[in-house]
Amino acid sequence: MRLSVNPNDKTPIYRQLYEQIAADVLSGALPAGTPLPPIRTVSKELGVSMITVRGAWEALERDGYLLTRAGSGCFVAPISEQGIEDKRAQKLAAGADALIADAKALGVTKDELLSLIDERF
């Protein structure tokens, strides 16, 4: 697992970590039972606060992506196929809502937006 952060991105670092791991879980790149590196290790490797990494891990656990086993560390949680599909749909819907809101604010029509998406896909 390769994590990276961009300090120039307006997205908070804990959220950047969250999004990378969540995406890897949903894509199958991190299957259930995969151990995550210790918070201290990630903190040192990325040059970020342990509190930041802990925040990402806690949010991932709260949202059902990770399990913590006392004395053993954090592991990718088992998620049913339906659970994965639901999480994918939620993530895509949130992105679509933001894109549609931006398009409306810019005066872009539905057809123009769909054409742009088609070109980029």
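Colleague: What does the secondary structure of the protein come to?
Modeller: Five helices and two strands. Bear in mind that this is a predicted model.

Colleague: In which order do the elements run from the N terminus?
Modeller: The order is α-α-α-β-β-α-α.

Colleague: What box do the C-alpha atoms fill?
Modeller: Roughly 55 × 35 × 20 Å, taken along the principal axes.

Colleague: And what share of the residues counts as buried?
Modeller: 25% of the 121 residues. The accessible surface is about 8,200 Å², and carbon and sulfur atoms account for 55% of that.

Colleague: On to the largest nonpolar core. Which residues touch the most other members?
Modeller: Ile21, Leu36, Val53, Trp57, Leu60 and Tyr65, out of 22 residues in that core. Helix 1, helix 2 (39-46), helix 3 (50-62) and strand 2 (73-76) each supply at least two residues.

Colleague: Which helix gives the most to this core?
Modeller: Helix 1, with six residues.

Colleague: Take Tyr65. What does Tyr65 touch, leaving out residues up to four places away in sequence?
Modeller: Tyr18, Ala22, Val25, Leu26, Leu60, Phe75, Val76, Ala77, Ile79 and Lys87. Of these, Lys87 is one of the buried residues of helix 4.

Colleague: Then helix 4. How many residues does helix 4 have, and how far does it reach?
Modeller: Helix 4 covers residues 81-105, which is 25 residues. From first C-alpha to last it reaches 36 Å, close to the 36 Å expected at 1.5 Å a residue.

Colleague: Which residues of helix 4 are buried?
Modeller: Gly83, Ile84, Lys87 and Ala103. The cover over them includes helix 1 (13-27) and helix 5 (110-120).

Colleague: What happens just after helix 4?
Modeller: Gly107 takes a positive phi there, about 75°. Leu106 lies in the loop between helix 4 and helix 5.

Colleague: Is Leu106 buried or exposed?
Modeller: Exposed, because its relative accessibility is 69% and the cut-off for exposed is over 50%.

Colleague: How far apart are the C-alpha atoms of Leu106 and Leu116?
Modeller: 14 Å, with the two residues 10 apart along the chain.

Colleague: Buried or exposed, Gln16?
Modeller: Gln16 counts as buried, because its relative accessibility is 9% and buried means under 20%. Not counting residues up to four places away in sequence, Gln16 touches Ser4, Val5, Asn6, Asp9 and Thr11.

Colleague: And Ser43, where is that?
Modeller: Ser43 is in helix 2. Ser43 is buried, with a relative accessible area of 8%.

Colleague: What is Ser43 in contact with, leaving aside its neighbours within four places in sequence?
Modeller: Val48, Ser49, Met50 and Val53. Val53 is also among the core residues that touch the most other members.

Colleague: Back to the whole chain. Among contacts between residues at least 6 apart in sequence, how many join residues at least 24 apart?
Modeller: 48% of them.

Colleague: Last one, charges. How far apart are the mean positions of the positive and negative charges?
Modeller: 8 Å, for 14 positive and 16 negative charges.

Technical notes: Residues numbered from 1 in each chain as written. Predicted model: local features only at pLDDT ≥ 70, side-chain atom pairs only at ≥ 80, totals over all residues. Heavy atoms only, no water. Helix = DSSP H or I, 4+ residues; strand = E, 2+ residues; numbered from the N terminus. Expected span 1.5 Å × (residues − 1). Buried < 20%, exposed > 50% of the residue type's maximum accessible area, 1.4 Å probe, protein only. Contact = heavy atoms within 4.5 Å. Core = buried A, V, L, I, M, F, W, Y, C linked by side-chain atoms within 4.5 Å. Areas by Shrake-Rupley, 256 points an atom, 1.4 Å probe, with all protein chains shown as cover. Lys, Arg positive; Asp, Glu negative; His and termini not counted. Charge placed at Lys NZ, Arg CZ, Asp CG, Glu CD.
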